[in-house]
Amino acid sequence: MRLDKYLAHAGLGTRSEVKKIIRSGRVLLNGVLAEKAEEKVLDSSVVIVDGVEISLETYEYFMLNKPTGVVSATQDQTDRTVVDLITCPHHKELFPVGRLDKDTEGLLLLTDNGALAHQLLSPAKHVSKTYLVYAEGKLTKGDVMLLENGVDIGDETLTRPAKAANLSYYEILGQEGKSVQTRLELTITEGRYHQIKRMFAKIGKPVQYLKRLSMGGLELDASLSPGEFRRLTEKEINSIVNRSA
């Protein structure tokens, strides 16, 4: 692994920041002053920054397509949890990064990297999250404008600006006849309690179905059925590690 990548994964900063650390003469690689970011770090290498040995923790990362009826927790006395769905051997410290409501489907990241989870969930980072939303009724241009500009959902401040995309309408046949529903993708950059449901309730268009499609640089694998999971690829790990740094 490249030295700059190693230091970034160890939490010393972004790739550009750790390159500055290397250039400033603060890094020893196997007892020799490191001069280039592309120097290779092997399993047997010893990396020291400012006199402190830096070790790279081995973390686990899983992508889960969370199904409905499962709670975003490590344990629960009554319901099955998302950790219960990870049926392959894994670290006992595995936990979900954030939460999806019991009746919400879609992308959920599970890891044992607490520092990364903290960064991804930090309100200051404004990590984007995109959801597929089916809502009751037909959204007007004014509704969309309100969603995108900020909604008063009863908190101290309006919701941060959001982005609506791929808006469409369709008819459904129910016991009381035909009704219209709206389908759209909504991207938000915060994670308030029941935020999307509260936003749509405010405009009088209750959410009927909700699924998370992406979080930061991580997109739900379309080949995963609800309840299925897989380990993240190195490229996916790098995307969320670099984005959170």
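With which residue does Arg 198 form a salt bridge? In this predicted model, in which residues are numbered from 1 along each chain as its sequence is written, local features need pLDDT of at least 70 and side-chain atom pairs count only at pLDDT 80 or more, whereas totals for chains, interfaces and linings use all residues. Side-chain values use heavy atoms, with hydrogens and water left out. The partner of Arg 198 is Asp 155, and the closest N and O atoms of this salt bridge (a side-chain nitrogen of Lys or Arg within 4 Å of a carboxyl oxygen of Asp or Glu) are 2.8 Å apart. Because Arg 198 lies in helix 5 and Asp 155 in the loop between helix 4 (141–149) and strand 9, the pair ties together parts that are 43 residues apart in sequence. With accessibility classed as buried under 20% relative accessible area, exposed over 50% and partly exposed in between (1.4 Å probe, protein chains only), Arg 198 is partly exposed at 23%, and Asp 155 is partly exposed at 31%.

The protein contains 6 helices and 13 strands, where helices (H or I, at least four residues) and strands (E, at least two) are DSSP runs numbered from the N terminus. The C-alpha trace spans about 75 × 40 × 30 Å along its principal axes, and buried residues account for 42% of the 245 residues. Of the contacts (heavy atoms within 4.5 Å) between residues at least 6 apart in sequence, 62% join residues at least 24 apart. The accessible surface, calculated by the Shrake-Rupley method with a 1.4 Å probe and, for residues, with only the protein chains shown counting as cover, comes to about 13400 Å², of which 50% belongs to carbon and sulfur atoms.

Lys and Arg are counted as positive and Asp and Glu as negative, while His and the chain ends are not counted; each charge is placed at NZ of Lys, CZ of Arg, CG of Asp or CD of Glu. On this basis there are 33 positive and 33 negative side chains, and the centres of the two sets lie 5 Å apart. Side chains of opposite charge can pair when their charged atoms come close. The count of salt bridges comes to 16. One of them joins Asp 103 to Lys 197, with the closest N and O atoms 2.7 Å apart. Since Asp 103 lies in the loop between strand 6 (95–96) and strand 7, and Lys 197 in helix 5 (residues 195–202), this pair ties together parts that are 94 residues apart in sequence. Asp 103 is partly exposed, with a relative accessible area of 47%, and Lys 197 is likewise partly exposed, with a value of 22%. Both residues belong to a network of salt bridges that also links Arg 99 and Asp 101. A further salt bridge brings together the side chains of Arg 192 and Glu 190 at 3.2 Å, N to O, and both of these residues are buried.

When residues up to four places away in sequence are not counted, Gly 106 touches Leu 64, Asn 65, Lys 66, Leu 100, Lys 211, Arg 212 and Leu 220. Arg 212 itself lies in strand 11 (residues 207–215) and is buried, with a relative accessible area of 3%. The C-alpha atoms of Arg 212 and Leu 100 are separated by 8.3 Å, although the two residues are 112 apart along the chain. With the same exclusion of residues up to four places away, the contacts of Arg 212 include Val 97, Arg 99, Glu 105, Lys 129 and Tyr 131.

Most residues other than glycine have a negative phi. His 126 lies in the loop between helix 3 (114–121) and strand 8 (129–136) and is partly exposed at 35% relative accessibility.
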